[in-house]
Amino acid sequence: MKKIRKAVIPAAGFGTRFLPQTKAMPKEMLPIVDKPIVQYIVEELVDAGIEDIIIVTGSHKRTIEDHFDRPSMELVENLRMGGEKKAKFLEEAERIASMANFIYVRQKGPYGNGTPLMNVRSIIGDEPFLYTWSDDFIKSEPVSRFRQMIDVYDKYGCSFLASVKAKSDEDYDRYGFAGGEEIEPGLIDAKVIVEKPGREQAPSDLATVSGFILTPDIFGYLDQALGNLNEGDELYYNDALKLMLNDGKRVLAYEIKDGKYYDTGNKLEYMKTVVEFALANPSINNEFREFLKTLDLS
């Protein structure tokens with residue numbers, strides 16, 4: 001069984017829910033305190049042993065490429081002139097560029113979250129890989145979600161979907177859900193995958209969010225899904241997974257242990273995430289907490 005070495009991050013969307021902020025800045029680069037959202041995801045991938053990170057972008061996403069590139073000579077010179085006070089910032093800027101092998105692909109094809117997968121087919125080859133969104137994540141401690149996912153793959157060797165338990169009626173209208181036989185606590189051998197079913201129609205309480213491990217046979221099923229599209233239809237990765245299930249292929253849904261899900265793809269959840277991470281940041285948490293106490297929330 002081949003080791004998981006590669007990850008794919010789709011990042012070609014326009015971030016229209018955050019306009020006008022995202023008119024010039026990709027939503028993936030919105031900061032959570034002092035790091036862009038996408039850096040949190042990249043760092044977690046690297047910590048889990050991922051070597052090649054493939055980011056599928058559009059023409060308006062050059063900022064992402066620049067962020068993970070070596071710092072400009074102007075920035076390096078500025079930081080050097082700052083002496084010891086700015087040495088840590090120079091070290092951090094250099095570290096970001098050397099975390100992994102970054103590969104950038106321009107997205108082409110029909111709208112939908114299956115298209116980025118089609119665009120990276122030749123790079124992935126015949127290897128299993130991680131597919132993870134660029135604007136949400138699951139923070140889990142002490143074992144990160146990607147480490148947990150790789151451990152599950154090493155045991156079962158099939159495609160599977162990271163999941164969290166739904167907490168509200170709204171969750172059932174926002175996420176996809178998997179249903180099937182529970183083979184271990186929090187691990188479902190999926191027989192059905194349903195998008196936004198509502199609480200009454202949901203096959204389980206496991207919402208499939210944030211990240212997935214896919215085997216290379218997904219590409220053949222994406223070809224089938226693409227061939228089934230009518231003009232104007234969107235290509236979804238879930239359509240390929242459903243075809244896999246129909247063919248008897250095994251797909252699991254796994255609840256990330258000790259995890260909390262953060263959806264930074266909408267304004268309210270993004271602001272909640274920023275506040276929570278600021279309260280946990282040792283460089284500002286005390287002052288920030290005191291500031292929050294001064295607010296009139298009546």
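## A buried phenylalanine and its partner

Phe 212 counts as buried, at 1% relative accessibility. The model in which this value was computed is a predicted one. Phe 212 belongs to strand E11, which covers residues 206-214.

The ring of Phe 212 pairs with that of Trp 133: the centres lie 5.5 Å apart and the planes meet at 75°, so the pair is edge-to-face, since planes over 60 degrees apart are put in that class. Trp 133 sits in the loop between strand E6 (129-132) and E7. The two residues are 79 residues apart, and their pairing links distant parts of the chain. Trp 133 also counts as buried, with a relative accessibility of 16%; the cut-off for that label is under 20%.

## A stacked pair and its cluster

By the rule applied here, there are 17 aromatic pairs. Another pair joins Tyr 40 and Phe 137, whose ring centres are 6.1 Å apart with planes at 5°, so this pair is stacked. The class requires planes under 30 degrees apart. This pair, too, links distant parts of the chain: Tyr 40 lies in helix H1 (residues 37-47) and Phe 137 in strand E7 (residues 136-140), 97 residues apart.

Tyr 40 has a relative accessible area of 19% and is buried. Phe 137 is buried with a relative accessible area of 5%. Tyr 40 and Phe 137 form one aromatic cluster together with Tyr 262 and Phe 277.

## Overall fold and dimensions

The protein chain contains twelve helices and 13 strands. Its C-alpha trace spans about 60 × 50 × 40 Å along the principal axes. For 298 residues, a compact globule would have a radius of gyration near 19 Å; the chain has 20 Å, which agrees.

## Burial, surface and charge

Of the 298 residues, 50% count as buried. The protein chain exposes about 15,300 Å², and carbon and sulfur atoms supply 51% of this area.

The chain carries 38 positive and 49 negative charges.

Conventions: Residues are numbered from 1 along each chain as its sequence is written. This is a predicted model: local features need pLDDT of at least 70, side-chain atom pairs count only at pLDDT 80 or more; totals for chains, interfaces and linings use all residues. Side-chain values use heavy atoms; hydrogens and water are left out. Helices (H or I, at least four residues) and strands (E, at least two) are DSSP runs, numbered from the N terminus. The radius of gyration is taken over C-alpha atoms; the globule rule is 2.2 Å times the number of residues to the power 0.38. Buried means under 20% relative accessible area, exposed over 50%, partly exposed in between (1.4 Å probe, protein chains only). Accessible areas come from the Shrake-Rupley method with a 1.4 Å probe; for residues, only the protein chains shown count as cover. Lys and Arg count as positive and Asp and Glu as negative; His and the chain ends are not counted. The place of a charge is taken as NZ of Lys, CZ of Arg, CG of Asp or CD of Glu. Rings of Phe, Tyr and Trp (its six-membered ring) pair if their centres lie within 6.5 Å; planes under 30 degrees apart count as stacked, over 60 as edge-to-face and the rest as tilted.
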